[in-house]
Structure formats: structure tokens, C-alpha cells
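I keep these entries as a record of what I looked up, in the order in which I went through the chain.

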Amino acid sequence: MRDTFVRTLIALAKENPNIQLVTGDLGFGVLKPFWEQLPNQFVNAGIAEQNMTSVAAGMALEGKIVFTYSIGNFPTLRCLEQIRNDCAYHQANVKIVCVGGGFVYGALGMSHQATEDIAVLRALPGVAVLCPGDPVEAEAATRAIAAYPGTCYLRLGRGGEKRIHDHLPQFEIGKAILIHPGQQVAIFSTGAIFAEIQGAEEILAAHGIYPAVYTFPTVKPIDREVIAHCASRFDLIVTVEEHNLSGGFGSAVAEVLAELPAHARLLRAGIPDTYCSIVGNQQYLRAQFGLDAVGIARQILAGVKT
């Protein structure tokens, strides 16, 4: 996903000299091709994310399309006031890119775990929040936010994610994507956790459960039409996210369901209202919080029985 984002941004920046990339002194292994090919469209703001964001806002208000880039919480929570006051309030054309959403940097501890970012960023008026699930969605999302007026948040995995799609000819911000139809249960996925859902499907199939599966590369604006459709057709909707349950993707779906006259039951799979004090790699931490294939399947089986 990370490499796909950089390749796509290089292609876009070569077409449009107004595109600028600002990094917070991170990502040099993957950003090197950008600054080598487009040195006049690249700025290293140093380990000063608040300043990076304010600089990006100023550039955007002068007509640039500015991408800020860092890992985990650094381009989001560390500089939240600047995102709110300098970018979102002015509807500045700033695209905030976080590499390593969820537990990607789990071995570095909670300071590097982006587990509240979706909730915080989607609470800001006018800010679009995108969490692609594979490299194909990441490319389409990068192109979409470059053309989208105003402030956007793009939450990426680190790399190595399995491809879900061969191509996406009609990607649109605010639209979910049907992976395959199913019965009784609909699974909604956002972000780079789709491989766990595929594994969970294999377990569910052994129990005679064949869910419909959708990816939601956009959390805000949320696809209300798909949610309403599934709410009237399925008994159980399951949301899966590598993020805190408070205010995240599942909460966004719940907000839509609450306004419907009748709807399916909702099961939200995510991180409970706690900080992770366990140290380990991403796969280990997913298992600890029931977000691996076995844990997701177990929650769905329990939800079907209730």
C-alpha cells in the first residue's frame, strides 16, 4: 500500500506541478524516488509535525495541493490543533497521509499505534476520511483525494497487503464496494485488515455461513445507501476495523442504522475502549484483541446464535 501510494503520487505530481509532498522527517526508504524525480515539489519539515501541518495549510491556501506524510499518530494526533484550525476550518487542500494505521508499528508500543485516528479525524467538519483495504484501493483513493477539494485523511497499511481487486474502474469517495454477495450476514471491512476477513470466511463456511462482504474505503462520507440496503436484507451486519470501537468505523455505521425505522442487528469487531499495553507485532496484537481470522469468525458465530 505504501509503495503504491508513492508511485501514484509521483505520477500525479508529474502531471500537476501544484502537487507538493511534505514529510515529517520519515519515510525516506519509500519517498526517495519522489524527491529524486521531483525535488522542487518535496519538503522535509523535520520532526515538527505541528509546523509541517501549518506550512502545508499555508501552501494550500496559495493554490497548492499538499500531501503531508508520516507514520502512526504523528501526522494526526500530534498536530490535531493545526489540522483543525489551519486546514479543516479553511477547507484547505491538505491531504494528511498516515502510514501504519492500527497495530502496524505495534512493537514500538502504544505511542506508535494509530488506534483512535479515524474517530478523531472524522469528527472534524468537512474532512473526508479514507481507509483503503488493498493496493488497488490505495491507488484509487490517492487519485481521488488529489482531485477532492478540501482536507482529507488517508490511512494506509505499511505494505504487503493482499490484493482484493484486479482493478477499480469506478472508485468514488463515499461509496462502498461489494466483494461478493451472501446470505444472513453482511461483513463491512475498512482498512488493511481484509486478509483476516478472508480467513474468517473459510471458518464460517465450515459452519454453513456464507456472508456478503463489502469494503468501505471511505469512512466519511459513509455510504448510507449500502448500509440501508444491507440493514433491510440481512439479519446481522458486522463491522471490522483495526481501530478503537469508540467513534470509529463501526460507530459511523451505527449512526446510520440508528436513523432507520427497522434494521439488522449490529456487531462491531474492533479494539475495546482501552490502550494496548502489550508489545508485539501486528499479527500478534490482532490475535490478542480478537481481530485475527479466528477471533473475527468466533465473534460472528456468537452473533448469529444470539
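**Entry 1: basis.** I am working with a predicted model, in which local features need pLDDT of at least 70 and side-chain atom pairs count only at pLDDT 80 or more, while totals for chains, interfaces and linings use all residues. Residues are numbered from 1 along each chain as its sequence is written, and side-chain values use heavy atoms, with hydrogens and water left out. For helices (H or I, at least four residues) and strands (E, at least two) I take DSSP runs, numbered from the N terminus.

Entry 2: I looked up the strand order and found an open sheet of seven strands, 2-1-3-4-6-5-10, with mixed pairing; two strands count as paired if DSSP finds at least two bridges between them. Strand 2 (42–44) and strand 10 (218–220) each have a single partner strand and stand at the edges, so one side of each lacks a neighbour in the sheet. From one strand to the next the twist averages 20 degrees, the axes being lines fitted to C-alpha atoms, for helices over the stretch in contact, with angles from 0 to 180 degrees between N-to-C directions. Within this sheet I checked strand 1 against strand 3, which run parallel and are joined by five bridges, with Val22 opposite Thr68 in strand 3.

**Entry 3: strand 9 and its partners.** Strand 9 (residues 212–215) runs antiparallel to strand 7 over three bridges, and I note Leu178 opposite Tyr214. With strand 8 the pairing is parallel, over four bridges, and Ile187 has Val213 as its bridge partner in strand 9. The chain passes from strand 8 through helix 7 (residues 194–205) to strand 9 in a right-handed β-α-β crossover; right-handed means that, with the strands pointing away from the viewer, the path from the first strand over the helix to the second runs clockwise. Ala212 and Tyr214 point one way from strand 9, Val213 and Thr215 the other way, and all are buried, that is, under 20% relative accessible area with a 1.4 Å probe and protein chains only.

**Entry 4: strand 11.** How many residues of strand 11 (residues 236–244) are buried? I find nine of the nine, so strand 11 is largely enclosed by the rest of the structure. Strand 11 pairs in the parallel sense with strand 8 (residues 185–189) over five bridges, and Val185 stands opposite Leu236. Six bridges join strand 11 to strand 12 (residues 265–271), again parallel, with Leu236 opposite Arg265. Together with helix 9 (residues 249–258), strands 11 and 12 make a right-handed β-α-β unit.

**Entry 5: helix 3.** I then turned to the buried residues of helix 3, which are Glu49, Met52, Thr53, Ala56, Ala57, Met59 and Ala60. Because they cover an arc of only 165 degrees around the axis, they lie on the same side of helix 3, the arc being that of the directions from the helix axis to the C-beta atoms. Helix 3 is followed by Gly63, whose phi is positive, near 105 degrees.

Note on methods:
Buried means under 20% relative accessible area, exposed over 50%, partly exposed in between (1.4 Å probe, protein chains only).
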